[in-house]
Amino acid sequence: MKTLATILLEARIQKEMSVRALAQLAGVDAALITKFEKGQRLPTEDNLKSISEGLHVSFEDLRKAWLAEKVYKILEYEDLALEVLSLAESRVAYLNSKQVLVMQGISHEIKSKLKEIDLLRDTWISKKPLNAIQLRKMKEYFHLAYTFESNRIEGNTLTLQETHLVVNEGLTIGGKSMREHLEAINHAEAIAYVESLVQDELDFSPRVLSELHYLILKGIDRENAGKYRSVPVAISGSQHVPSQPYLLGKMMESYFVHYDNQKRILHPVILAAEMHERLVSIHPFIDGNGRSSRLVMNMILLKHGYTVANLKGDATSRLKYYQALESVQIDNNPEPFYHLVADAVMESLVSHLELT
Ligand SMILES: Nc1ncnc2c1ncn2[C@@H]1O[C@H](COP(=O)(O)OP(=O)(O)OP(=O)(O)O)[C@@H](O)[C@H]1O
């Protein structure tokens with residue numbers, strides 16, 4: 001297999017280009033280019049991009065060799081290099097939607113929880129149609145709690161009562177920022193949008209995701225609302241590093257392919273959990289990833305006759321949520337996240353049934 005140094009050298013010679021000419025075209029120091037071609041230094045990603053443009057060769061191909069070189073440099077003196085590679089491979093495969101999850105791969109505990117949930121869902125469906133006022137009151141109650149908790153995870157400081165006054169009474173709360181008010185109003189609107197999609201039997205799609213994200217950031221960040229990010233991001237306090245922006249297009253494409261492939265195979269609660277986890281792990285937006293992903297999860301749940309799952313925003317629950325996400329991202333173990341989502345679905349169905 002050719003090293004990056006050989007690929008760079010051969011490409012330049014093939015184009016009959018001098019180092020100086022390439023240096024000028026790429027805006028990279030000639031001495032550095034020589035070092036890259038001799039394998040004495042590894043280019044930065046920016047250098048590599050400029051050189052690929054100067055040489056008119058595919059950046060993607062160069063980048064593959066560059067990444068392989070980086071991995072090699074990290075592992076060259078490791079006794080357990082192959083084992084490490086195979087561990088990393090499984091995590092990469094998971095995020096790239098190559099790992100097909102089927103029910104057999106799901107633990108006995110989760111399966112029995114899903115059975116219990118489905119019984120509750122059937123009971124819930126058998127109660128419908130509820131009388132219109134009762135249904136409206138229930139929705140108001142549960143959707144408000146959902147807006148409150150989802151925004152609370154994100155750091156919004158409005159209380160449940162204040163969220164009610166803002167969303168349902170159109171009041172403003174002294175001492176609370178405009179942004180916090182908008183977050184509450186926007187989230188309530190996004191739930192209504194999800195409900196309308198479910199009612200119209202529309203499926204989850206890139207367009208739906210973009211609309212959901214737009215609603216979340218409406219009036220708060222006009223530039224980024226409904227758009228994938230173009231800059232790298234970090235998730236504070238997390239070991240998981242989301243992908244570089246130029247990979248997002250491909251990753252989101254496979255995200256939706258995964259949905260289409262799995263929507264008739266996976267149990268809906270697992271599908272909802274997966275689409276939530278994958279989206280926050282890819283982290284395609286600059287902000288609002290968590291709220292959008294929780295809305296996607298709930299769209300899938302509602303579509304299949306379940307009720308809205310409400311992940312809580314208090315400090316303990318939030319930590320548990322983050323830890324469950326890290327368990328997928330770092331240990332490739334989705335089990336804690338499946339439990340977390342399944343528990344929230346079960347709790348929601350029980351609470352809904354108690355009010356009927
Ligand atoms: N390892 C992780 N640790 C913590 N959060 C993570 C992790 N991986 C993904 N996330 C997600 O990132 C979200 C925060 O991202 P972002 O700030 O873009 O979303 P938000 O909607 O603005 O805020 P929030 O999701 O906190 O409500 C978390 O809610 C969680 O869903």
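Biologist: Which domains does the domain assignment of the chain give?

Modeller: The model is a predicted one. Its C-alpha atoms fill a box of roughly 80 × 50 × 35 Å along the principal axes, and the C-alpha centres of the two domains lie 43 Å apart. The assignment gives domain 1 (4–77) and domain 2 (108–354).

Biologist: How many helices and how many strands does the secondary structure of the chain come to?

Modeller: Of the 356 residues in the chain, 34% are buried. Among contacts with a separation of 6 or more, 64% join residues 24 or more positions apart. The secondary structure comes to 16 helices and 0 strands.

Biologist: What does UniProt place at residues 8–62, and how far apart are the end C-alpha atoms of that span?

Modeller: The unreviewed UniProt entry places the feature "domain: HTH cro/C1-type" at residues 8–62. This span is 71% helix and 0% strand. Its end C-alpha atoms are separated by 8 Å.

Biologist: Glu 16 is not a glycine; what is its phi?

Modeller: Most residues other than glycine have a negative phi. Glu 16 sits in the loop between α1 (4–14) and α2 (19–26), and it is exposed because it has 7 other C-beta atoms within 10 Å, where 12 or fewer count as exposed. Its phi is positive, about 50°.

Biologist: Is His 56 buried or exposed?

Modeller: His 56 lies in the loop between α4 (45–55) and α5 (59–75). It has a positive phi of about 55° although it is not a glycine. Since its C-beta neighbours inside 10 Å number 10, His 56 counts as exposed.

Biologist: Why do the buried residues of α9 lie on the same side of the helix?

Modeller: In α9 (residues 160–169), the buried residues are Glu 162, Thr 163, Val 166 and Val 167. They share one side of α9 because the arc they cover around the axis is only 120°. In general, an α-helix has 3.6 residues a turn, so residues three or four places apart point the same way. The value that settles the matter is therefore the arc of only 120°.

Biologist: Which helices are included in what covers the buried residues of α9?

Modeller: The face of α9 turned away from its buried side carries the exposed residues Leu 160, Gln 161, Asn 168 and Glu 169. After the helix comes Gly 170, with a positive phi near 65°. The cover over the buried residues includes α8 (132–153) and α10 (178–199).

Biologist: Which elements give two or more residues to the shell around the ligand?

Modeller: The ligand is surrounded by 17 residues, the closest being Glu 154, Ser 238, Asn 289, Gly 290 and Arg 291. The shell divides into 5 nonpolar, 8 polar and 4 charged residues. The elements giving two or more residues are α13 (268–282), α14 (289–303) and α15 (315–331).

Biologist: Gly 288 is in the UniProt "binding site" annotation; is it buried or exposed?

Modeller: The annotation, from an unreviewed entry, covers residues including Gly 288, Arg 294 and Tyr 321. Gly 288 is in the loop between α13 and α14, and beyond four places in sequence it touches His 213, Ile 216 and Leu 217. With 25 C-beta neighbours inside 10 Å, against a threshold of 20 or more, Gly 288 is therefore buried.

Biologist: Which residues is Arg 294 in contact with, leaving aside its neighbours within four places in sequence?

Modeller: Arg 294 belongs to helix α14. It has 28 other C-beta atoms within 10 Å and is therefore buried. Its contacts are Ser 150, His 276 and Leu 311.

Biologist: What distance separates the C-alpha atoms of His 276 and Phe 337?

Modeller: His 276 is found in helix α13 and is buried, with 26 other C-beta atoms within 10 Å. Beyond four places in sequence, it touches Ser 293, Arg 294, Val 296 and Met 297. Phe 337 is 61 residues away along the chain, and the two C-alpha atoms are separated by 9.9 Å.

Biologist: Is Leu 319 buried or exposed?

Modeller: Leu 319 lies in helix α15. Its C-alpha atom is 9.7 Å from that of Ile 153, at a separation of 166 residues along the chain. Because 11 other C-beta atoms lie within 10 Å of its own, Leu 319 is exposed.

Notes: Residues numbered from 1 in each chain as written. Predicted model: local features only at pLDDT ≥ 70, side-chain atom pairs only at ≥ 80, totals over all residues. Helix = DSSP H or I, 4+ residues; strand = E, 2+ residues; numbered from the N terminus. Arc of directions from axis to C-beta. Contact = placed C-beta atoms within 7 Å. Domains from an automatic or database assignment. Near = placed C-beta within 6 Å. Nonpolar A, V, L, I, M, F, W, Y, C, P; charged D, E, K, R; others polar. UniProt positions renumbered as here; feature names shortened; annotations may be inferred.
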